[in-house]
Amino acid sequence: MKVLMKAHETVGVRFDGKPEYIQADAYLDGSGGLTISEGAVISTKVIILTHDWSFLKRINCPPSASYNERAYKSVSIGMNSFIGAGAIVLPGSHIGRHCIVGAGAVIKGIIPDYSIVIGNPCKIIGDTRDNRKSSSKNSHTIASHPDNLT
């Protein structure tokens, strides 16, 4: 794990404690600021992005002075959170502490502490403090991060 952490640090990933596990084939983009906290697990084929240049394809593209401000948005993965296989975490997202992100979920926005999320777009379906089975009738959508509203 130490070698993998050092490799990710060279491209801008910041570690706040030692993660429990990071699969070698996970793509961690540190260009806009990525913080991974103590005990986090990042599974196979996870993609965490901290940049998005798609706004350049808009007809009314902003002035070049604001390119970096619009393109790079930090991401954080909270303590003891689990990111399932193939999940995609979009720029500006913040995953709280003790969360579970289901395989293939697409994360955009703020995921509160103790959330269990699945789907595209992801929805909260449960709470990791609750040992009862989750019900999709109690699910709700994620609040968008203010920086992501354009």
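What share of the 150 residues of the protein chain counts as buried? The share is 38%, where buried stands for a relative accessible area under 20%, exposed for over 50% and partly exposed for values in between, with a 1.4 Å probe and protein chains only.

The model is predicted, so local features are given only at a pLDDT of at least 70 and side-chain atom pairs only at pLDDT 80 or more, while totals for chains, interfaces and linings use all residues. Residues are numbered from 1 along each chain as its sequence is written, and side-chain values rest on heavy atoms, with hydrogens and water left out.

**View 1. The protein chain as a whole, with two helices and 16 strands.** Helices (H or I, at least four residues) and strands (E, at least two) are DSSP runs, numbered from the N terminus. The accessible surface of the protein chain, computed by the Shrake-Rupley method with a 1.4 Å probe, comes to about 8400 Å², and 54% of this surface belongs to carbon and sulfur atoms. Of the contacts (heavy atoms within 4.5 Å) with a separation of 6 or more, 25% are accounted for by residues 24 or more positions apart.

**View 2. An open sheet of five strands in the order β1-β4-β7-β10-β13.** The pairing in this sheet is parallel, and two strands are taken to pair if DSSP finds at least two bridges between them. The edge strands, β1 (13-16) and β13 (110-111), each pair on one side only. Strand β1 runs parallel to β4 (residues 34-37), to which four bridges join it, and among the residues concerned Asp16 has Ser37 of β4 as its bridge partner.

**View 3. An open sheet of four strands in the order β3-β6-β9-β12.** Here too the pairing is parallel, with β3 (27-28) and β12 (106-107) as edge strands that each pair on one side only. Two bridges join β6 to the parallel strand β9 (residues 88-89), in which Val89 is the bridge partner of Ile48.

**View 4. Strand β14 with its partners β11 and β15.** Strands β11 (residues 100-101) and β14 (residues 115-118) pair in the parallel sense over two bridges, with Ile116 of β14 as the bridge partner of Ile100. Toward β15 (residues 123-127), by contrast, β14 runs antiparallel and is joined by four bridges, and Ile118 stands opposite Lys123. The two strands β14 and β15 form a hairpin with four residues between them, and Gly119 in the turn has a positive phi of about 95°.

**View 5. The largest nonpolar core, with 26 residues.** Such a core is a set of buried Ala, Val, Leu, Ile, Met, Phe, Trp, Tyr and Cys residues joined through side-chain atoms within 4.5 Å. The residues with the most contacts inside this core are Leu28, Ile36, Ile42, Ile48, Ile77, Ile95 and Ile107, and the elements that give two or more residues to the core are β1, β4 and β7 (75-77). Leaving aside neighbours within four places in sequence, Ile77 is in contact with Leu34, Thr35, Ile36, Ser37, Ala40, Ile48, Ile83 and Ile95.

View 6. A salt bridge requires a side-chain nitrogen of Lys or Arg within 4 Å of a carboxyl oxygen of Asp or Glu. The side chains of Asp25 and Lys45 meet at 2.9 Å, N to O; because Asp25 lies in the loop between β2 (21-22) and β3 and Lys45 in the loop between β5 (41-42) and β6, this pair ties together parts that are 20 residues apart in sequence. Asp25 is partly exposed at 31% relative accessible area, whereas Lys45 counts as exposed at 52%. In the bridge between Arg97 and Asp113, the closest N and O atoms are 3.1 Å apart, and the pair links the loop between β10 (94-95) and β11 with the loop between β13 and β14, 16 residues apart. Arg97, with a relative accessible area of 34%, and Asp113, with 33%, are both partly exposed. The side chains of Asp127 and Arg129 meet at 2.7 Å, N to O, with Asp127 partly exposed at 25% and Arg129 exposed at 57%.
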